[in-house]
Amino acid sequence: MTLDRPMYRVKRRLLGEPLTTERVGEEKLSNRTALGVLASDCISSSAYGSEEMLRVLVPVVGAAAFTMVMPVTGAILLVLLLLTVCYSDVVTIYTRAGGSYVVARENFGPNVAQVAAVALLVDYVVTVAVQVSAGTNALISLAHLVGNGWTGLDHLQLPVSVLVIVLLAYGNLRGVREAGRMFALPAYLFIAAMSLVFLVAAVRVPEETVAAMVRLARSTASSTFMVLHAALAALLHRMGGDSDITIGTPVAGRTDEALDPLVGFFVNTLALRTDLGGDPDFTELLSRVRETDLAAYAHQELPFERLVEAVRPTRSLSRHPLFQVMLTLNNHRPPRLDLPGLETRLEGVDTGGAKFDLSFSFTERTAPGTGTDGACLDGTLEFSQDLFDAETAVRIADRFTLLLAHAVRDPATVVGDLPLTSAEEQRRLLDLGEGESVSRHDTAPPVTVLDRFAATVTSARSRDIAVTAPDGSLSFAELDARSDRIAALLARAGADAGDRVAVLLPRSTDSIAALLAVLKAGAVHVPVDDSLPQGRIDAVLADARPHTVLTADATHSRATARWHRLNLDSPDTGTATAPLRKQARPGPAEPAYLLHTSCSTGRPKGVLVGHGSLARLLEHHRRHLFGPSVRAAGKPRLDVALTAALSFDAAWDPVLWMLDGHRLHVLDDLTRRDPEALVEAVGVLGLDVLESTPTHVRQLLDAGLFAGAGRAPSVVVLGGEAVPAALWDDLRARPGLTAWNFYGPTEATVDTLTADLRATGRPVLGAPVEGTAVRLLDDRLRPVPVGVTGDLYLAGASLALGYDGQSAATASRFVPDPYGPAGTRMYRTGDRAVRTPDDALEFAGRADGQVKVRGFRVEPEGIAAVLAEHADVAQAAVVAHGAGSGGSRLAAYVVLAAQPAGLIRPAAEQLDELRKHAAARLPGCPAARLPGCPATWSPPAGSSWMPSP
């Protein structure tokens, strides 16, 4: 049953002002909502005293009262409602639960409201107890109850805080925070939870540092507090990267001498905002802090509440509105209390809660037997354990004292150069990023992957199949012979060592044979996927400038007559024999393949990778992946699926399995792109190893990859994008499954970091492969401390040779390695990461606008540049939208160019042409028009106001 009633809102009152109402409209209220209003406002009324109470009346209460969880409480509320009807002259009615209220003309006293409050609280306790006894988490039970409209608890801080204390015995403290985000718990529930989870860490400032602080303060006309403030602002800037730091501090509020004899609490809070922009030295920073602090002290009588009202910051129930870090300094002479026969001293009092995320508190003391220069600082760091663990807080305290000591000793040091870690800790962090030495395992590793393949062919049995594709199967001997014939064709065509040979073939046995043939000929393999748009194929070929393009009947026309084409399906190619001349095998420093990635200019960028790094990767995988997987499966040869696009560097991983003697299955496009078809292929073909992106693997799981009693893979390798925690937990919990996470950009030879999902309970990047080093550095190329986000660099033997024909781009990304041997380089990935206290690496996003779509690196600016080439486009922006089961999606937003008079075409027609333009040059990308954008609009890629496609 619903009711139509006028809705009134009570205007907020200041102290001493009467309550007033205003009519705001009509609303339909269900019985359940109406009863929620009743309970909420009865409780709310107790907060306003007995003179001006708020009342709510629900006319129809028969069935509504018993929609409460506990019928007994519903009956109590029904009786209280009837008493309200009989003894209160109600003006009018109704609002939504937890929103507005209705004013009663006569005072009915607070008793009814108090009884209702207690009754509702009892109902909560009983309900939660029942759910806990049934095995339900009590915290989530509370979250559901509070989140379902019973907002009257907002005024029951004390009893509900007690209830939360009881519930904490049944759940973890972080659960309170998560429940609050999910179900919009009242603010005081966060306060109650936070008050129970705080600890204190000591901050030890040596006497010599304090003495240097005093000297610096005197020389700069500042104070000890200002030096501490500048050091703390510098620490937060260095650890978080923000240049606008606000720190709170309390002031006594007794600026008027007339207040001295008065007993009372006059303390106010100041928000001190510091600008660290421009990379100042510590002296300049101290000058800025001094100016800010003096200005704040001059206005310290302004009530903090008035400041919050004026600033109107974004509010959150889980934190302070203006700052989350507090700094206090007690440098006054301690009070003395002389009583006959008593000895008195000051003792610290446990406040019972952490009011801020971090709170630094210092007390200045004079060491016995010293003058003022012998002062010392006793400090503590109070921290919220809901946000920080004890080890992290100790590290923050240690970094503060280290930075402070260096800053006061040499204040001319730029803030960005102040150390956060000792030299020993920096060395340890660098050592953690070093991979194992190859010489530890093999004194003479193969020079190229061809050497390993030759050994495999020699040891393989005649019936051992090397590759299976839609066009058939080849044994290892047949694959070796077929690749030799194609190499002979290339030699006859004049392809020499170092020449580019593009392979534009459908997914077939020849696509694998051609790969080996190009390497055998000493040429550079340039994979071109035949499923790419024609414009993309033309752009790749134009950048690679191949000597020869290997094609088939189905792809011959995709390469224009501009290039020398060699059709492997032609009858003329079937009679080729051995090479006309002996080809020298390539060395480790020579290029093996050229693979093209996205670029911000819209043109593909070719990455040139050498034979040595590819051979090292194969040997690493043989020891750490292939061998353990074979032993776990209990059979010598595994069936490996190639699901990646042939022009994707991840396609090399399944090929490396094949080079080591396993059977490669080159799946056709329809099968590899359809999760249900791929799951069926796993059972039919008996596939043991699957490698794909996390997004694709999630789709395979949903399609029943491990469902039923059918054949399932024993090895799953994830790569190409960050792994969600839920998928990580899912895979590592499956018995008999070996799951790996591979990280590595094309510029570092496919895989550089590997992680066994069974070794850790959360997504991590893993450890570097043999001969590779990972470095986590700041903007000055120094190791970042544990827990601080830094830029991820890769160094060592895995690095590519550079960008083909783009020396400037190579120099900007492949930079000198300050921690390696002279002349070595490291690659700036653009990825961000953080090293955790257990020394693991966790992915922390990108430093630029690059995104991953189905594992492919995509530069949104590059796509926008392609769209802007069209005559109908004035401006364009490309945005990645949130990932769902199908992964991230890219959407292009365009401002159409002005059309000449008399040639006006509909916008729909222009967009159709634009889609055709994009489809010819890029993988499918939708386009949407932004109406009403000014001509001076600058596309803010990633802006939240852009409509979702």
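1. The model is predicted: local features need pLDDT of at least 70 and side-chain atom pairs count only at pLDDT 80 or more, while totals for chains, interfaces and linings use all residues. Residues are numbered from 1 along each chain as its sequence is written, and side-chain values use heavy atoms, with hydrogens and water left out.

2. The protein has 26 helices and 36 strands, taken as DSSP runs numbered from the N terminus (helices H or I, at least four residues; strands E, at least two). Of its 949 residues, 51% are buried, meaning under 20% relative accessible area with a 1.4 Å probe, protein chains only.

3. Contacts are heavy atoms within 4.5 Å. Among those between residues at least 6 apart in sequence, 68% join residues at least 24 apart.

4. Asp778 sits in the loop between β26 (772-777) and β27 (789-796). Asp778 is buried, at 13% relative accessible area. Apart from neighbours within four places in sequence, Asp778 contacts Arg238, Val784 and Asp791.

5. Strand β11 (residues 465-469) is largely enclosed by the rest of the structure, because 4 of its 5 residues are buried. Strands count as paired if DSSP finds at least two bridges between them.

6. One partner of β11 is β12 (residues 472-475), antiparallel over 4 bridges. A hairpin of 2 residues connects β11 to β12, and Ala469 stands opposite Gly472. Strand β20 (residues 663-666) runs parallel to β11, joined by 2 bridges; Val467 has Leu664 of β20 as its bridge partner.

Notes: Buried means under 20% relative accessible area, exposed over 50%, partly exposed in between (1.4 Å probe, protein chains only).
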